[in-house]
Amino acid sequence: MDFKHIEAFVWVAEVESFRIAAEKLHTTQPAISQRIAALESSLSVRLFERSARGIKLTEKGQELLSHARRIIDMRTEMLTAARQASPIRGLFRLGVAETLVHTWLPELLERLHQRHPALVVELQVDTSHVLRSQLFSHQIDLAMLVGTSQDPREHSLHLWDYSLAWIASPSLRLHGRTVKAGELAAYPIITYPPASVPHHAVKRILQDAGIKEPRLYGSASLSTIVHMARHGMGPCVIAPAVIAEELAQGKLCILRTDTTLPDIDFHACWLDTPDSHTALTVARLAQEIARKAGARDNQG
């Protein structure tokens, strides 16, 4: 058996596509088909059922997949032990929620460059909902987002929890006293997009206070949220950690309210694939940096 045949088998089984497997292995779809055919011939078994609806593992293919994955893992461990230089190299597609862009992501990218100069990071910034979809469609290799899923294929490390707060421009004259939910609802509330934890929490708080149809402006862009709040369009709900400069300069103020907002919990999430050791390495470094940054913020 050729190792490339085993590698092709694992990738095709993982992504259920000869075309996507070819892209991951930087080769052509016919080459992947030839490798699978050669492996089936050498093992004298059929690994995949092919139909108009796509491909799926045969019963024997499912049985042999765990063996193939162990071979891949053993090869990776051997290469790691043999190389004195960093084995982390190539293109790595990192998906990040924007909150982290405004906190410790620059430090992570700098540390990755120092430790693994041969690793090329391609950055994708989007909402947690979109990032998780991209992760499961293999468009990104690691997603740093809010929450985790129940899918058994997903692996994760907890990064840090960020508190949320009601924030407003001093021009609204809501700071320096306790503000009730009803007074906040006199303005449009600016926060994260509708599918997010903060958006759901704010809507529930206002509805519990008797505001049947609160005006919520949801945006996936934190810079847009901050810009609208600074111009006095209304209070916003956002993590204070991302607007430390605006708070220090007095351009925005944290409000005292009679409401309780949830924290947003960030995790690094990845899928178990033949090259997931890179994702685990990046996730562990992100966890280290996130916790140090969070401890500094708490001390401040």
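How many residues lie between strand 1 and strand 2 in the hairpin they form? The hairpin has two residues between its strands. The model is predicted: local features need pLDDT of at least 70, side-chain atom pairs count only at pLDDT 80 or more, and totals for chains, interfaces and linings use all residues. Residues are numbered from 1 along each chain as its sequence is written. Strands (E, at least two residues) and helices (H or I, at least four) are DSSP runs, numbered from the N terminus.

Strand 1 (residues 48-51) pairs with strand 2 in the antiparallel sense over four bridges; pairing requires at least two DSSP bridges between two strands. Arg50 stands opposite Ile55 in strand 2.

Strand 3 (residues 90-96) runs parallel to strand 5 (residues 142-146), with three bridges. Ala143 is the bridge partner of Gly95.

The largest pocket holds about 940 Å³ of space. A pocket is an open set of points on a 1 Å grid over the protein atoms alone, where a 1.4 Å probe fits, with protein on both sides within 12 Å along at least five of seven lines; lining residues have an atom within 4 Å of a point. Volume is the space filled by probe spheres set on the points, which are joined across faces, edges and corners. Of its 36 lining residues, Lys24, His26, Arg89, Asp275 and His277 are the closest to the centre. Helix 4 gives the most, five residues.

Technical notes. Heavy atoms only, no water.
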